[in-house]
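Hello,

Here is the structure I said I would pass on. My notes on it follow below.

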Amino acid sequence: MVSKDHEGRTYPPYRLRPDPELVRKYWLALGQSGADATPPLTYPIFLRGERHGVELFRDLDIPRHRALHAGQRYEWFAPIGCDDELEVSARVERVIEKTGKAGTLWFVDVVYDYRLLRNRELAVRETSRLIKRGGV
Amino acid sequence: MSLPSSAGDVVFDTEIAGSSRATIALFSEATEDPNPIHVDAAFAERCGFPQVIQQGPMTTAHFARLLARAFSASRLRVLDLAFSAPVFPLEALRLVATVAAVAAVEAGRLRIDLQATKADGTVTARGHAEVDAETE
């Protein structure tokens with residue numbers, strides 16, 4: 001299971017700066033081989049938090065083999081440039097349990113706020129919806 | 001040429017070529033995604049899939065890229081997608097964006113319906129975007 005006690009859990013903020021090499025690989029994976037150094041709009045992604053101590057899968061007890069990604073929501077408020085440093089804060093917004101024909105599933109919404117360090121402006125809010133499947 | 005701005009206008013209807021396993025692995029690198037389900041076929045099988053699966057966020061990234069190209073990145077406010085079926089290597093996707101309504105969510109915004117579909121008709125992602133209406 002995923003306990004509802006996780007709702008509201010927050011993590012210490014961490015800092016993130018777009019990495020030019022990762023930006024290049026990102027565009028390349030999308031079939032855009034041009035030399036665009038601008039970070040893709042979806043460059044901020046919760047997965048980057050793992051190496052900054054936001055170990056969601058461990059903390060929520062979601063083994064990788066039982067994890068699915070149900071969806072994403074991005075809200076953009078200000079552009080992020082290649083030289084912008086961001087402060088990222090993460091929180092577990094919601095945990096919902098549903099039981100159906102496929103067994104029990106847990107839906108977890110996690111919200112990441114990306115603020116521009118230079119003026120504290122909220123630039124992007126990303127919500128990822130994770131699923132933990134039942135089983136062993 | 002005027003931009004799509006009326007309900008029913010098609011913003012884009014584009015086929016994205018299937019991604020190779022190498023490209024999927026590159027996207028994992030670019031997003032710092034540690035989940036082996038995208039790169040390790042044996043692990044993917046253990047998770048119940050016949051082979052590695054493409055990242056849902058890759059579909060999100062393509063929609064964001066195409067919407068930014070259609071309207072400019074500065075007008076894109078929201079992108080919200082639910083992933084409904086796995087995408088496997090080399091499976092092409094048809095990405096369709098259609099203006100659903102004007103000012104349905106907030107004054108001065110267009111709501112765009114989004115859908116990603118495989119060649120066999122399987123819908124792999126569905127959602128919407130919100131875009132600032134064009135200013136004079």
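In the hairpin formed by β4(B) and β5(B), four residues lie between the strands, and Gly121(B) has a positive phi near 95°. This is a predicted model, so please read every value as computed.

Arg109(B) is placed opposite Asp132(B) in β5(B). Strand β5(B) also pairs with β2 (residues 76-83) of chain B, again antiparallel, through seven bridges. In that pairing Leu76(B) faces Val131(B) of β5(B). How much of strand β5 of chain B is buried? Of its 10 residues (123-132), seven are buried, so the strand is largely enclosed by the rest of the structure.

Next, helix α1 of chain B, which covers residues 21-31. Its buried residues are Ile24(B), Leu26(B), Phe27(B), Ser28(B), Ala30(B) and Thr31(B). They pack against α1 (20-29) of chain A and also against α3 (56-71) of chain B. Just past the end of α1(B), Glu32(B) has a positive phi of about 55°.

Last, the cysteines. A disulfide is a covalent bond between the sulfur atoms of two cysteines. Over all chains, the structure holds zero disulfides. Cys82(A) is partly exposed, at 37% relative accessible area, whereas Cys47(B) is buried, at 4%.

Regards

Technical notes. Residues are numbered from 1 along each chain as its sequence is written. Chains are lettered from A and ligands numbered from 1 in the order in which they are written. This is a predicted model: local features need pLDDT of at least 70, side-chain atom pairs count only at pLDDT 80 or more; totals for chains, interfaces and linings use all residues. Side-chain values use heavy atoms; hydrogens and water are left out. A disulfide is a pair of cysteine sulfur atoms within 2.5 Å. Buried means under 20% relative accessible area, exposed over 50%, partly exposed in between (1.4 Å probe, protein chains only). Helices (H or I, at least four residues) and strands (E, at least two) are DSSP runs, numbered from the N terminus. Two strands pair if DSSP finds at least two bridges between them. Contact means heavy atoms within 4.5 Å.
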